[in-house]
Amino acid sequence: MSETGFLDGKVPTGPIHERWTSHKFNMKLVNPANKRRYEIIVVGTGLAGAAAAASLGELGYNVKVFTFHDSPRRAHSIAAQGGINAAKNYKNDGDSVYRLFYDTVKGGDFRAREGNVHRLAEVSVDIIDQCAGQGVPFAREYSGLLDNRSFGGAQVSRTFYARGQTGQQLLLGAYQALARQIRAGSCTLYNRTEMLDLVVKDGAARGIVVRDLLTGEVSSHSAHAVVVASGGYSNVFYLSTNALGSNTTATWRAHKRGALFANPCYTQIHPTCIPASDDFQSKLTLMSESLRNDGRIWVPKKPDDTRSPDQIPEADRDYYLERRYPAFGNLVPRDVASRNAKTQVDEGRGVGPIKNGVYLDFSDAINRVGPKVIKERYDNLFEMYERITDEDPYKVPMRIYPAVHYTMGGLWVDYNLMSNIPGLYVIGEANFSDHGANRLGASALMQGLADGYFVLPYTIGDYLAGMLGEKPLDPADPAFKQSEAEIADQVNRLLAMRGKHTVDQLYRKMGVDVMWTKCGMGRNATGLTEAISDIRAIREEFWSDLNIADQSQTMNQSLEKAMRVADFMDLAELMCTDALHREESCGGHFREEYQTPDGEALRNDDQFAYVGAWEWTGESGQQKLHKEELAFENVKLAQRSYK
Amino acid sequence: MATTTPARGSQSSARGLVRPTFSQPRRRLPYPFGLYQTAVGKKWVMGVTGIMMMGFVLVHMIGNLHMYEGPAKYNEYAEALRTVGGALMPREGVLWALRLGLLGAAALHIHSAATLTIINRRSRPLAYQSPRDYSAANFASRTMRATGIIVLLFVIFHLLDLTWGVFLGEDYITGDVYNNVTRSLSSLPIALLYLLANIALAVHLFHGAWSMFQSLGWNSPQFNQARRVFAAAFAGLILVGNLSFPILNLTGVVSQDSRTTPCVAEGGEETRICLGVNE
Amino acid sequence: MRITLKVWRQDGPTAPGSFETYDVPGVSPDMSFLEMLDVVNDRLTLDGKRPIVFEHDCREGICGSCGMMINGVPHGPERGTATCQLHMRKFHDGDQIVVEPWRSAAFPVIRDVAVDRSAFDRIIEAGGYISTPTGAAPDANLTLIPKPVADAAMDAAACIGCGACVAACPNSAAQLFTSAKLAHLNLLPQGQAERWARTEAMVETMEEFFGSCTNHGECREACPKEISLDFIAMMNRDYVKSKRKNRKLLSQIR
Ligand SMILES: Cc1cc2nc3c(=O)[nH]c(=O)nc-3n(C[C@H](O)[C@H](O)[C@H](O)COP(=O)(O)OP(=O)(O)OC[C@H]3O[C@@H](n4cnc5c(N)ncnc54)[C@H](O)[C@@H]3O)c2cc1C
Ligand code: HEM
Ligand code: SF4
Ligand code: FES
């Protein structure tokens with residue numbers, strides 16, 4: 001690990017609320033007639049990718065869209081439940097662009113760029129208009145006006161939602177807009193096609209190399225600019241709430257071609273997920289946070305208490321959140337709730353067949369307001385819980401446990417969403433930009449759509465305008481051919497091993513046994529150092545003793561997964577390196593050595609108020625650190641407290 | 001990689017293994033005929049023609065109840081049918097119009113049924129290789145084609161038998177409907193045929209009279225519950241009514257010999273013939 | 001639990017396929033159906049055999065990737081549940097479970113039980129959208145939408161595009177899928193301008209790929225989101241109307 005000079009985030013200067021407006025005016029424009037002369041590649045069709053591709057297509061650019069899914073509509077964004085924030089102030093409860101900006105910077109534990117966050121809050125308003133215009137069936141009140149709810153501990157009601165399926169409805173809106181452009185011919189969709197490399201030549205991104213998942217064919221696509229919108233990397237932990245296909249391959253391979261990877265250690269843990277039931281568990285299911293409004297969290301006071309919950313008298317129960325945080329009680333922020341649950345389970349007071357959860361008990365609420373009201377509020381969640389666990393939460397307390405949910409880190413981008421490689425743009429969860437060290441509930445959907453609909457389409461023009469008349473690099477160029485050959489090599493190497501372990505065996509070992517245990521909710525120097533050597537050992541095993549029984553090139557899911565896991569292994573090491581270097585606790589990064597006497601996160605603003613962006617130097621574990629200094633001119637640095 | 005292959009005509013640039021099984025008509029006929037070029041339109045036509053035939057079946061059943069009033073009333077009803085429209089229309093004019101309408105309806109209904117069946121077969125060239133377990137499709141809905149064909153064959157037989165008298169031979173008397181019906185129905189094989197055909201018809205209607213609401217897009221939360229009830233009641237009514245004829249004939253409750261009155265009360269040729277026979 | 005798994009194995013779209021039977025011991029009732037297949041696949045791999053290809057992603061019943069015939073029923077025996085949400089406790093020790101891909105001319109088999117459902121995308125591309133270019137929308141509260149209308153549109157929009165309706169239909173018809181999207185957009189005030197053009201285009205594209213509806217209602221039984229048959233009635237009505245309306249609309253151009 002070594003360090004170099006400071007990175008320039010290219011944030012415009014001036015009063016915070018005028019920056020985006022004046023920046024938009026100062027950027028170069030591409031003449032409408034010239035737009036069709038440009039080729040743009042978009043990788044990913046989640047909220048960010050689909051929104052960007054559709055908007056760019058509408059503007060008249062030639063867009064090629066890639067997804068490894070069979071249809072754009074399957075992207076992981078479809079699973080978001082809770083809602084999307086916007087500073088509409090429809091409730092007249094004192095919300096404003098500035099308040100959303102302020103909450104996001106503070107919620108991110110002062111590790112985000114002020115300029116970006118303010119822009120996000122500004123365009124949040126347009127997103128709701130845009131989506132409603134597309135026919136997203138947001139919840140309505142009887143008046144016919146849009147309904148809002150308060151979410152994730154916010155003091156104002158600014159969250160728009162469509163039942164428990166907000167992500168689905170927003171994604172379908174973006175997908176449909178993209179479908180319209182596909183029909184119009186401005187966007188070309190390459191579904192079931194996975195990006196496996198970024199091609200950089202003469203200092204700029206020139207195109208990508210992809211593998212057709214149906215035929216196994218590897219081919220090249222060139223363009224004037226490449227937009228990566230490939231989502232987050234929570235699946236590095238093997239078990240997370242993310243869809244099983246979510247992966248880091250696109251971002252990681254771009255990283256290996258020179259793109260900086262920023263703040264990889266910032267991971268968000270969601271406190272209310274259904275605990276794993278056995279070793280075969282393949283993913284964890286999120287239960288909406290709103291459950292904490294009525295449920296009381298407790299564990300038996302005695303470790304290894306085997307009585308069933310109804311046999312445990314009040315006196316033998318520990319309502320630990322209410323006890324420790326009398327003001328916020330069960331509604332403390334995500335990271336606090338998560339860490340406390342972990343402590344209880346680590347100390348042997350976990351509940352359930354494999355002692356890996358805490359109770360979320362609704363009996364008091366049911367006694368207070370009656371089962372009917374509880375049913376109205378949570379019926380679909382209770383039903384989902386029962387489907388998975390076969391237990392009825394009206395009778396037996398729910399069991400919950402935290403799970404990895406979101407990754408704030410990602411490829412480094414400047415204010416224009418361009419990475420340090422000219423022509424490579426990164427949007428959505430794939431970039432690191434707006435959430436700092438911790439994301440507020442209902443803000444990821446907002447960010448993905450802001451990037452895709454309202455930021456990238458402007459900023460990319462500024463770059464493209466300077467390229468008028470340039471032809472994209474020939475896909476037969478040696479730069480492409482060399483990359484194609486490297487991919488073919490990797491495929492052959494993986495297939496040829498025929499060793500003793502399946503992909504999942506090693507993946508689980510790395511994700512659960514190493515990453516979750518040592519780089520999960522709580523981290524410390526010893527654990528992280530161990531983790532790094534564990535990961536190296538597993539990687540060694542992976543590259544020498546892997547068994548992919550299916551030797552074919554056509555739809556070969558083990559091979560696809562192996563290539564993704566290979567990248568996760570490298571990323572895991574970088575996450576630990578980053579976590580080790582960041583000697584402070586902030587947001588989703590909790591170093592056990594750095595906490596207040598009451599166990600709260602202890603930031604170190606003097607030394608760590610920067611973005612840590614890592615540069616690949618040719619070998620895993622040898623990345624070089626670049627820093628981008630963060631300045632807080634509008635929101636004053638302060639310690640969070642929920643006592 | 002497989003370069004983008006146009007999927008829908010040249011409309012979509014997206015990839016997929018799938019190719020259309022059916023092509024859109026090269027030329028769309030003008031409204032409303034263009035409707036019949038589409039499957040949804042054909043289903044709509046089936047619904048409309050189904051209703052026409054249901055109307056016929058109902059009226060036909062009710063009309064036949066006159067049988068229980070004896071030959072005079074029965075033949076009177078038959079005569080009345082021929083003179084619907086009174087002096088305004090030529091004799092049998094309206095009847096023929098109705099007949100042609102029904103014939104057209106039946107033809108369209110059958111043609112749609114046949115063409116849609118072909119489409120449905122082609123939509124799943126390889127059937128499930130393991131046993132299916134249906135949960136909503138019932139006997140009626142899955143045997144529409146069979147029951148339809150049984151009804152069709154029966155109608156042909158029925159016309160040959162009672163309209164043209166092909167099977168009754170000597171016994172067939174043009175115009176003496178009562179005679180023809182009772183003679184025909186008192187034969188066991190023929191009565192059984194009626195039984196079978198009418199059960200088939202009722203089964204067909206049990207699904208059809210519900211299904212048509214869907215095909216025609218007549219739905220509203222207020223009466224959706226009633227659609228099933230209506231279909232069952234309609235099918236039941238037709239079944240009971242139509243089955244009573246062969247059963248009561250077979251058991252002798254209604255019979256050729258029970259006639260005591262002249263078959264047609266008022267003058268005219270039929271009356272003479274009919275009375276002559278009764279001598 | 002110990003079960004016998006009989007799975008359709010087919011190497012490629014044009015390869016012949018057949019059932020293969022596997023003995024699967026050690027199944028936990030808390031496993032999801034797909035986790036059971038994961039276990040089978042790991043064992044197959046270790047035996048040097050090709051694992052079963054099946055599609056899946058979110059594993060929480062929302063992405064619509066998963067889906068197969070399980071004992072002759074799309075998505076298996078639990079109503080309103082996608083394959084990934086089905087758990088092994090719905091089966092008994094000693095059961096034989098037969099798994100087959102969706103079958104339809106419009107859903108060619110890719111490999112084993114994975115099929116290509118891009119015909120659905122063709123239907124959406126034909127008109128399953130409201131044309132609102134980015135930036136063109138008015139304030140969201142400018143258009144009032146009565147709550148019942150918004151709720152009904154949401155009911156229809158809940159479709160996950162899994163294809164179970166087509167798989168379940170004896171005619172391999174896609175009426176439930178198409179009508180759900182049409183109802184979603186046609187019910188909303190924003191969708192009115194394109195209502196008739198959209199209906200005509202989507203229905204006619206649907207008919208290029210799929211069979212015709214005979215109102216069995218199997219689709220609704222199989223649908224993991226329990227989409228209502230009423231939307232099909234609504235589509236039929238709108239389609240017939242669209243023919244007239246579109247003619248009228250066109251006749252206004254002189
Ligand atoms: C269970 C759950 C609930 C959530 N709820 C909320 C919520 O209520 N509110 C909120 O604001 N946020 C929520 N989030 C977070 C939010 O859903 C995500 O952060 C967001 O949807 C990410 O969108 P995206 O467009 O960046 O990426 P994704 O939706 O992950 O899309 C990634 C796309 O990239 C493609 N792709 C990836 N790699 C490649 C490759 N190598 N080649 C080709 N294509 C590739 C994929 O096919 C996919 O199309 C939730 C997340 C989870 C897990
Ligand atoms: C003559 C031979 C007949 C054939 C071959 C036939 C065939 C069919 C078929 C295949 C269907 C569609 C099945 C379905 O929707 O599941 C159908 C529907 C129907 N049939 Fe028939 N049928 C015949 C006669 C009749 C008669 C005599 C009646 C009325 C008394 C009738 C009334 C209906 C009705 C009401 C429907 C429902 C239409 C709809 O869903 O829109 N049919 N018929
Ligand atoms: S209508 Fe139901 S069964 Fe059909 S695709 Fe949609 S969710 Fe699946
Ligand atoms: S895997 Fe997403 S719906 Fe089943």
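Predicted model: local features only at pLDDT ≥ 70, side-chain atom pairs only at ≥ 80, totals over all residues.
**Exercise 1. Two helices of chain A**

Task: Describe how helix α6 and helix α12 of chain A are placed, giving the distance within which their axes come and the angle at which they cross.

Solution: The axes of α6(A), residues 166-184, and α12(A), residues 444-465, come within 11 Å and cross at roughly 10°. Axes are lines fitted to C-alpha atoms, for helices over the stretch in contact, and angles run from 0 to 180 degrees between N-to-C directions. The two helices are therefore roughly parallel to each other, since angles under 35 degrees count as roughly parallel, over 145 as roughly antiparallel, 65 to 115 as roughly perpendicular and the rest as oblique.

On the side of α6(A), the contact is made by Thr166(A), Gly167(A), Leu170(A), Gly173(A) and Ala174(A), and on the side of α12(A) by Leu445(A), Leu449(A) and Tyr453(A).

**Exercise 2. The nonpolar cores**

Task: Find how many residues the largest nonpolar core has, and which residues have the most contacts inside it.

Solution: A nonpolar core is a set of buried Ala, Val, Leu, Ile, Met, Phe, Trp, Tyr and Cys residues joined through side-chain atoms within 4.5 Å. The largest has 264 residues, and those with the most contacts inside it are Ile84(A), Phe138(A), Leu424(A), Leu464(A) and Phe210(C). Helix α16 (residues 557-581) of chain A gives the largest share of this core, 13 residues. Apart from it lies another core, of 27 residues, among them Tyr22(C), Ile70(C), Leu86(C) and Val99(C).

Taking Phe138(A) as an example, and leaving aside its neighbours within four places in sequence, its contacts include Ile84(A), Leu146(A), Phe160(A) and Leu170(A), and also Ala150(C).

**Exercise 3. A sheet in chain C**

Task: Give the strand order of the open sheet of 5 strands in chain C, and say which strands stand at the edges.

Solution: The order is β2-β1-β5-β3-β4 (chain C), with mixed pairing; two strands pair if DSSP finds at least two bridges between them. At the edges stand β2 (17-24) and β4 (73-74) of chain C, each with a single partner strand, so one side of each is left without a neighbour in the sheet. Strand β1 (residues 3-10) of chain C pairs with β2(C) in the antiparallel sense over 8 bridges, and Thr4(C) stands opposite Asp23(C) in β2(C). Helix α1 (residues 33-46) of chain C packs on the sheet, touching β1, β2, β3 (69-70) and β5 (96-100) of chain C, and its direction makes about 75° with that of β1(C).

**Exercise 4. Backbone details**

Task: Locate Asn89(A) and Tyr238(A) in chain A, and state which peptide bond joins Tyr31(B) and Pro32(B).

Solution: Most residues other than glycine have a negative phi, and most peptide bonds are trans. Asn89(A), with a positive phi near 50°, lies in the loop between β4 (84-85) and α4 (97-107) of chain A and is partly exposed, with a relative accessible area of 29%. Tyr238(A), whose phi is positive at about 65°, is found in the loop between β10 (225-228) and α7 (249-256) of chain A and is buried, at 12%. Tyr31(B) and Pro32(B) are joined by a cis peptide bond, with omega about 0°, and Pro32(B) lies in the segment before α1 (39-64) of chain B.

Terms used
Residues numbered from 1 in each chain as written. Chains lettered and ligands numbered in written order. Heavy atoms only, no water. Helix = DSSP H or I, 4+ residues; strand = E, 2+ residues; numbered from the N terminus. Contact = heavy atoms within 4.5 Å. Buried < 20%, exposed > 50% of the residue type's maximum accessible area, 1.4 Å probe, protein only.
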